[in-house]
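Here is a friendly briefing to read alongside the model. Have the sequence and the 3D view open as you go.

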Amino acid sequence: MRVVLAEDLFLLRDGLVRLLEAFGFEIAAAVETGPELERALRELKPDVAVVDVRLPPTLTDEGLQCALRARQERPGFPVLVLSQHVEQLYARELLADGTGGVGYLLKDRVFDAEQFVDAVRRVAAGGTAMDPQVIQQLLARRGKDRLPARLTPRELEVLELMAQGRSNAAIAGKLVVTERAVAKHTANIFTKLGLEVSDDDNRRVLAVLAFLDRDR
């Protein structure tokens with residue numbers, strides 16, 4: 001799997017290169033600026049991009065904007081964004097086209113190598129990988145008063161884990177329940193939210209994220 005990596009801090013960039021290579025990824029390019037990233041994405045056509053939001057020369061949202069332009073040119077192109085803080089606008093822009101292959105992780109909340117590598121692989125496969133804090137902010141933005149009152153506390157837990165991009169098996173492991181129980185909760189959630197039930201994990205996640213991001 002070919003990866004283009006964009007990170008302006010040398011030590012972090014070098015560490016990510018070594019980590020990804022150790023897990024069998026091919027680093028097509030490791031760059032530090034927005035213009036370099038844009039050129040690499042256009043010329044090398046990697047399988048996935050791992051991108052810091054803020055890159056030189058502007059150090060604002062250069063990395064994100066490059067990634068969004070790449071997705072416009074290649075619809076569904078997988079992008080995993082790394083950020084220091086939760087920025088709802090960034091998350092919303094990533095999710096705006098309604099397709100998969102997106103991730104948004106906070107740098108200081110990636111606690112182990114396998115967690116990060118799993119997120120890269122999930123995004124590259126067309127799935128989603130959203131930091132729990134991003135989901136919590138989307139939930140807060142919508143407001144609990146905007147969620148159906150009939151959602152039980154357990155269903156709210158499942159909703160949050162589902163929105164992070166977790167499969168039924170992963171949710172079952174996290175909550176220490178059976179997959180059958182998770183499937184039942186998922187069906188109830190979709191019914192209460194007025195969403196179409198789907199067995200496809202990615203479509204299911206996108207539907208939930210779209211609901212949470214919907215204007216009040």
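Just after α2, Lys-45 takes a positive phi of about 45°. Helices (H or I, at least four residues) and strands (E, at least two) are DSSP runs, numbered from the N terminus. This is a predicted model, in which local features need pLDDT of at least 70, side-chain atom pairs count only at pLDDT 80 or more, and totals for chains, interfaces and linings use all residues. Residues are numbered from 1 along each chain as its sequence is written, and side-chain values use heavy atoms, with hydrogens and water left out.

- Helix α2 spans residues 34-44, and its buried residues are Gly-34, Leu-37, Ala-40 and Leu-41. They cover an arc of only 125° around the axis, which puts them on the same side of α2; the arc is that of the directions from the helix axis to the C-beta atoms.
- Buried means under 20% relative accessible area, exposed over 50%, and partly exposed in between (1.4 Å probe, protein chains only).
- The cover over these buried residues includes β1 (2-6), β2 (26-31), β3 (48-52) and α3 (62-73).

**Ala-6 in strand β1**

- Ala-6 lies in strand β1 and is buried, with a relative accessible area of 1%.
- Beyond its neighbours within four places in sequence, Ala-6 is in contact (heavy atoms within 4.5 Å) with Val-31, Leu-37, Val-50, Val-51, Asp-52 and Leu-55.

**Helices α3 and α4**

- α3 packs with helix α4 (residues 88-95) at an angle of about 10°, their axes being 10 Å apart. That makes α3 roughly parallel to α4.
- The residues making this contact are Leu-64, Gln-65, Leu-68 and Arg-71 of α3 and Tyr-90, Glu-93 and Leu-94 of α4.
- Axes are lines fitted to C-alpha atoms, for helices over the stretch in contact, and angles run from 0 to 180 degrees between N-to-C directions. Angles under 35 degrees count as roughly parallel, over 145 as roughly antiparallel, 65 to 115 as roughly perpendicular and the rest as oblique.

**Domains and cores**

- The protein chain is divided into domain 1 (2-144) and domain 2 (153-213), with bounds from an automatic or database domain assignment.
- The C-alpha centres of domain 1 and domain 2 lie 24 Å apart. Their contact takes 18 residues from domain 1 and twelve residues from domain 2.
- The largest nonpolar core has 51 residues, and those with the most contacts inside it are Leu-37, Tyr-104, Ile-189, Leu-209 and Leu-212. Both domain 1 and domain 2 give residues to this core, so it lies between them.
- A nonpolar core is a set of buried Ala, Val, Leu, Ile, Met, Phe, Trp, Tyr and Cys residues joined through side-chain atoms within 4.5 Å.
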